[in-house]
Amino acid sequence: MKDSAKIPEVSLLKFLKHSTNILKNPLPFHHNNFKEKGDTFRLNIGFRKSVIFSRDAGLVEYVLQKNQKNFVKSEIQTKDLVKYVGKGLLTSEGEHWKKQRKLIQPAFHKKQLANLLDSIKQAILLEYEKITVNKELDIFPVFNDLAFQTVVKSLFSSAANQNEINRLQYITEETQKMLVKELRQPYLGWWFKASGKIDSYLKLTAEARSILSKIVQERRNSKEGYDDLLDMLLDAKYDDGNYMDEEQLIDEILILFTAGHETTSNALSFTTQLLAFNPKWQEKIYEEISALKKQDLDLMSYVGKCEIIQQVIEESMRLYPPAYFIDRVNLEEDKFEGKYFEPGSNLLFSLYEVHRHPDLWEHPDEFKPERFAEGGRKYSSQYFPFGAGPRKCIGNNFAMFEMIIAIAELISRYKIEPKTSEIEIQPLITLKPKNAFLKFLSR
C-alpha cells in the first residue's frame, strides 16, 4: 500500500526468539537488523502491532525539524512517564507544551545560567571529596549524586535540607527503575497492577510532590530572593499575566529532576572513561585549563574558552548518547524518500546507530574529539545528543556548562586510569554505564 512495502520487515517470530537478549540489551539485535535490512525497518512486536526503527539521519531531521508538526511523542512519554512526573515540558504536547516552553525558556538563557555557575561549581567540588586516590572506584555513583545535587542547588539554592534531597533523589531513581520494568516487560502489566506494585510507586511520587510543595510554600512565604531556578519559575508569567499554579510548577520540577540529572551523570561517566583510555586527551585538557587559569576570567568566560573539553564531551555523546532513542508518532499519513508511513506509525530513532553510521562518520567507532574542533556545525544534520527542532532539550546549555566545569575540575586534580578492558553499557530508558571502574591519581 502506497510504497509501504519499501520498508523491510523483521518478523514477530524473530522478535520473540531474541526476546531474552533484547530484555538485557536490545542494541545488538537492532544493529544486526540495520545491517541486514537497511537504515529503516519495521519490527513486528505483536498481532498487528509494529515499531519502525530507523538510523536514517535525514528521516530524523525530517521528523524532528522539517515536518515536526505532524509528529508527536509516543505514549511512553505522554502516558507511561506522566504518572510519575506529571505533565511538564518533557511529557506534554500541543498547546500546553507551547505555553510551558514559552514560559520556562527564559530561565535557561545563557545570561540567566551565568548566575548559577558558582552554585554548580560548589556542588561539583563537594561531590569530588568522595573520590579516594589510588583505589579502584565506580565513578557512576559519584557522578549520579553530583548531577542530582547540581540540579537541586540550581533549583533551590539552600532551601531543601539534605534529608529531603536524599529522599527526592531516591524516589526519582526508583520510579525510573519501575518504568523500565513496565516498558521492557509489558506482558507483566497486569501483575504490576494486581500486586499493588504500581500503586506503591505512585505513593512514592505523591511523597516527592509533598516535599516539593513544602519547599515551594516556604519560598513563597520568604521575603528573600535567591536568583535560582525556583525564583525564576515562581516569577514567570503567562501572556495573560497569570503565574504557574503549584501543580504545574511541581510537574516541571519533577521533569527537571528526571531529565536533568540522569542523562548528565551518564555523559560524565562515559566521558571520564574515554579520557581514562585516552590519556593524551587528559593532558590536552590539563594544558588548556592551566593556561586559562592564568587569565583573569569570570566563570562563564572560562567555561566558554574550554574548547578542548567541549570537543571531548561532544565526541563522548556521539559515541554514547545518553538519550539513545527518540520516539515519535505521526498524526497524518506521511512520506519520506519513497517510504510511506500510515497514520499512527510508531517511529523509533536509534541515535546510537546514527552517531556511529559508517556513511556519516570517518572511523565511527573511534574516539576522535578533533572532529568537533570547529564547534561541530558541519555535523548538525547527523548529530542529535539533545534532540533537534522545537523540542530540543531546553537544558542543553545548562548540561554543557555543568559537564565542562565537572571535567575541568576533575582533570585539574587527577590523572585517570582505567580498571576495565572496555567500556560497558546498560541501555535502559537512557544509555547508562556499567562497571565504570577507574583509578584516580593525584596530580
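The largest cavity in this predicted model has a volume of about 90 Å³. A cavity here is a set of points on a 1 Å grid over the protein atoms alone where a 1.4 Å probe fits but cannot get out; grid points are joined across faces, edges and corners, and the volume is the space filled by probe spheres set on the points. By this rule, one cavity of 30 Å³ or more is counted. Residues are numbered from 1 along each chain as its sequence is written. Because the model is predicted, local features need pLDDT of at least 70 and side-chain atom pairs count only at pLDDT 80 or more, while totals for chains, interfaces and linings use all residues; side-chain values use heavy atoms, with hydrogens and water left out.

What surrounds the largest cavity? Its lining (residues with an atom within 4 Å of a point) comprises 13 residues, and Tyr 84, Val 85, Thr 172, Thr 175 and Thr 258 lie nearest the centre. At least two lining residues come from each of α6 (82–85), α11 (162–184), α13 (197–221) and α15 (246–277); helices are DSSP runs of H or I with at least four residues, and strands are runs of E with at least two, numbered from the N terminus. The biggest share, six residues, belongs to α11. The lining has eight nonpolar, five polar and no charged residues, where Ala, Val, Leu, Ile, Met, Phe, Trp, Tyr, Cys and Pro count as nonpolar, Asp, Glu, Lys and Arg as charged, and the others, Gly among them, as polar.

Two of these helices also pack against each other: α13 and α15 meet at an angle of about 115°, with their axes 10 Å apart (axes are lines fitted to C-alpha atoms over the stretch in contact, and angles run from 0 to 180 degrees between N-to-C directions). This makes α13 roughly perpendicular to α15, a label for angles of 65 to 115 degrees. The residues of this contact (heavy atoms within 4.5 Å) divide into eight nonpolar, two polar and five charged.

Helix α15 has a further partner in α20 (residues 396–413), packing at an angle of about 35° with the axes 11 Å apart. Among the residues in contact are Leu 268 and Leu 275 of α15 and Met 403 and Ile 407 of α20. This contact has nine nonpolar, three polar and one charged residue.

Most residues other than glycine have a negative phi. Asn 134, however, has a positive phi of about 60° and sits between α9 (117–128) and β5 (136–138). Glu 337 has a positive phi of about 45°, in the loop between β7 (334–336) and β8 (339–341).

Conventions:
On a 1 Å grid over the protein atoms alone, a cavity is a set of points where a 1.4 Å probe fits but cannot get out, and a pocket is an open set with protein on both sides within 12 Å along at least five of seven lines; lining residues have an atom within 4 Å of a point. Angles under 35 degrees count as roughly parallel, over 145 as roughly antiparallel, 65 to 115 as roughly perpendicular and the rest as oblique.
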